[in-house]
Amino acid sequence: MIPQSHFLILGAILFAIGIYGALTRRTAIGILMSIELILNAANVNLITFNRFLGSPDGPAPSGADGLGQIFALFVIAIAAASAVVGLVLVIAIYRNSKTILMDKINLMKW
Amino acid sequence: MVKYAHLIPLFPFLAFAINILFGRKLKKASAIISIAASSASFFLAALTFLGNLKGGGSYVVAKWLALKTVAIDFGVIVDPLSCMMLLVVTIVGTLIQIYSIGYMGEDKRFSRFFAYLSLFMSSMLGLLLADNFVILYIFWEGVGLCSYLLISFWFERPAAAKAGMKAFITTRIGDTGLLIGILLLFFTTKTLYFKDLAGLAGDNTVFTIAALLIFCGAIGKSAQFPLHVWLPDAMEGPTPVSALIHAATMVAAGVYLVARAYGIFVINQIPLMAVAYIGAITALMAASIALVNNDIKRILAYSTISQLGLMMVGLGAGAYSAGAFHLMTHAFFKALLFLCAGSVIHSIHVEDEPSLHTQDIRKMGGLFNKMKITGATFIIAGLAIAGVPPFAGFWSKDEILSELLKSGHYGLFVVALLTSLMTAFYMFRLIFLVLFGKTRSKLRVHESPNVMTIPLSILAAFSIFIGFIGSPFMNHAFQNFIYFGDVHTMEIIEPNYFAMGISTAVGLFGIGLAYLFYILNNKILPQAIRARFSLLYNVLSNKYYVDEIYEFLFIKPCLRLAALSFKFDLGAIDGTVNWAARVAMAISRVKSWIDIHVVDFFVNLVAVLTGFASLAVRRIHTGSVQNYLLIAFFGLVLIIVIKLIGG
């Protein structure tokens, strides 16, 4: 059986890739995709903890069974919704400034 | 008892409202509305009168003023006196309105005129129906307002505007007395209802003073000496207005007030004698002025003053029913006289100036042949006022005379007789000069239209026959009807043939004298007398210089005071105000400097300091989202690290 730490390492790697992408990608689309990765890292963690709740090997105690999965489903749904909003914002930004390169957009500069 | 008397004033008021709001659209139709409203009032008044034969009373229409100790309501009094006056006002008012269609036909404010007439009638009818002093006072002032509006109806003419003001201000002087009297009564008795007051009034100083003050109001409204000056000037208004004021509405209000508040007057002799002697002075004075006046309407105005004086004499001498009787008959024949005068003025044009309607009787003459109906009715009215039997004026005037004889007021009797003589004389001087002889200037004359002559004929019929209801032939039905039941013991009315004889003789003598002067001995005799008594003539033709005395005593000082006040206003008050303004401006200049150089300095300082402070830290605001994200991420990491180290 694959131990819990493997799953958590996978989640950490996904999160690190996501953060790296979000900080370094120039296009808004890339940043959005990276944010999806961060969210999925969280999902992996949620499901992992659900599975190993209670003892490191045993099944989850009754009553909390499936809570992590439901949480993950919610995160997926919200991620889809926020992706829509994000894309709409990208389109709106493109219409205004003819670019989606985030380093070119600095309206909030002092 | 029937309870619709309060609707009587509402009809004309409705007509007023319609005409004043939609007059521009209605144009000539406004006359129809006013006349319809007056007729409706007349029918209701007749019904009220018939109902009252079975017994009157007062009833409350609406609750109004509920004070802690006393309530004053909109109440209506229905008794013989108010019934009689309601009938007179509605009949005469309606006829005058019909007449006005012809007389005011070409006036540009036709509908406005009818609106005012309706309001005038409404106020007067309300006054007649009021069952307490407050309501009476409200309508009393309404009547005053309407008289102002109508007298100065042709306000383009300065004389008319002035006359309106004079009428309003002069009557206000009396009204002030009335108001004080009402308040005095209220604080003494805690009630203002006529029916209660009559019982409460006792023979003491307070009630005497209250009665005298109330009489002040009557002096003003009924144009008694010394407040009679407004009435002759009121002739500047259109003639139907003069007729309405003199017959039905304005001046009758004063006499009505005295009759209505008679319970307060009869407490002792002082108020009664004040009424009687003021009346006597007025009667004699006005009649003597009328002897020499040359304006057709002013003669009639002085005649009204004199006749009102006679009514006051009657009321003051205790001849209550006779005074009320004369008030009624006078309403008919005086309305007729004025409408005749209006018909004459309306239908003659001076040749040289085609638009000019003259009122000078010296320019008229010989009009009888050209305007038969007006002439005939004029003569009937003249006979009625001169006291020739069997016309209306005879019966009522005779009633006053015989009451004066019976109560032993011989001085007043002589005055009344003298007034009757002069009345007969000046009235027939007027009639002879206007209707007979030969025309003394180039005039174009035509008879007035039917809409004017028919009211004349109806009023003439009244002037002939209305007196009979108070005559011995009908057993003094009027006096028995009107008799003042509550306090006064019923007067025993019996024909006094001596008084009848002497008043007839005096009337005929006056007419004969006028005939001698102005028909037989045209021009010679009057001028001889004028030359002989030139001083007296001057005094009379200048109206006893009353206007001049008032001018000197009151108006001039008032104007001078006003001029002084104006100067004071301009110099002292405006000076102070301007000085204060200048000081304020100086202060504000200092303040402005402080504002700019001190307050603004600190405000700007704060802004500049804030700017400086931000120079260092604003660098972190790069505007790039990813920078922010990076900072947030490292912040998170930092928090976790601290958490881990801290354990």
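Where in chain B is Ala223(B) found? Select Ala223(B) and you will land in the loop between H8 and H9 of chain B. Bear in mind throughout that this is a predicted model.

Look at the backbone of Ala223(B): its phi is positive, about 55°, although the residue is not a glycine. Most residues other than glycine have a negative phi, and most peptide bonds are trans. Ala223(B) counts as buried because 31 other C-beta atoms lie within 10 Å.

Now select Phe225(B) and Pro226(B), which are joined by a cis peptide bond with omega at about 5°. Pro226(B) lies in the loop between helix H8 (205-221) and helix H9 (230-233) of chain B.

**A stop in chain A**

Next, pick Lys98(A), which has a positive phi of about 55° and is not a glycine. You will find Lys98(A) in the segment after helix H3 (67-97) of chain A. Is Lys98(A) buried or exposed? It is exposed, since 8 other C-beta atoms lie within 10 Å.

While chain A is selected, show its contacts with chain B: ten residues of chain A touch ten residues of chain B. On the chain A side, seven of these residues are nonpolar, one is polar and two are charged.

**Two crossing helices**

Back in chain B, select helix H13 (residues 269-292) and helix H23 (residues 534-541), whose axes come within 8 Å and cross at roughly 105°. H13(B) and H23(B) are therefore roughly perpendicular to each other. To see the contact, show Ser288(B), Ile289(B), Leu291(B) and Val292(B) of H13(B) together with Tyr537(B), Leu540(B) and Ser541(B) of H23(B). By class, this contact of H13(B) with H23(B) has five nonpolar residues, two polar ones and no charged ones.

**Helix H19**

Select residues 450-465 of chain B: this is helix H19, with 16 residues and a reach of 22 Å from first C-alpha to last. Among its buried residues are Met452(B), Pro455(B), Leu459(B) and Phe462(B). Which helices do the buried residues of H19(B) pack against? They pack against helix H3 (80-103), helix H15 (320-347), helix H16 (372-386) and helix H17 (392-406) of chain B.

**Last stop: Leu435(B)**

Finally, select Leu435(B) in helix H18 (residues 410-435) of chain B. Leu435(B) is buried, because 24 other C-beta atoms lie within 10 Å. Beyond its neighbours within four places in sequence, Leu435(B) contacts Leu367(B), Phe368(B), Gly375(B) and Phe378(B).

Notes. Residues numbered from 1 in each chain as written. Chains lettered and ligands numbered in written order. Predicted model: local features only at pLDDT ≥ 70, side-chain atom pairs only at ≥ 80, totals over all residues. Helix = DSSP H or I, 4+ residues; strand = E, 2+ residues; numbered from the N terminus. Buried ≥ 20, exposed ≤ 12 C-beta atoms within 10 Å, placed from the backbone. Contact = placed C-beta atoms within 7 Å. Nonpolar A, V, L, I, M, F, W, Y, C, P; charged D, E, K, R; others polar. Expected span 1.5 Å × (residues − 1). Axes fitted to C-alpha atoms, helices over the stretch in contact; angles between N-to-C directions. Parallel < 35°, antiparallel > 145°, perpendicular 65-115°, else oblique.
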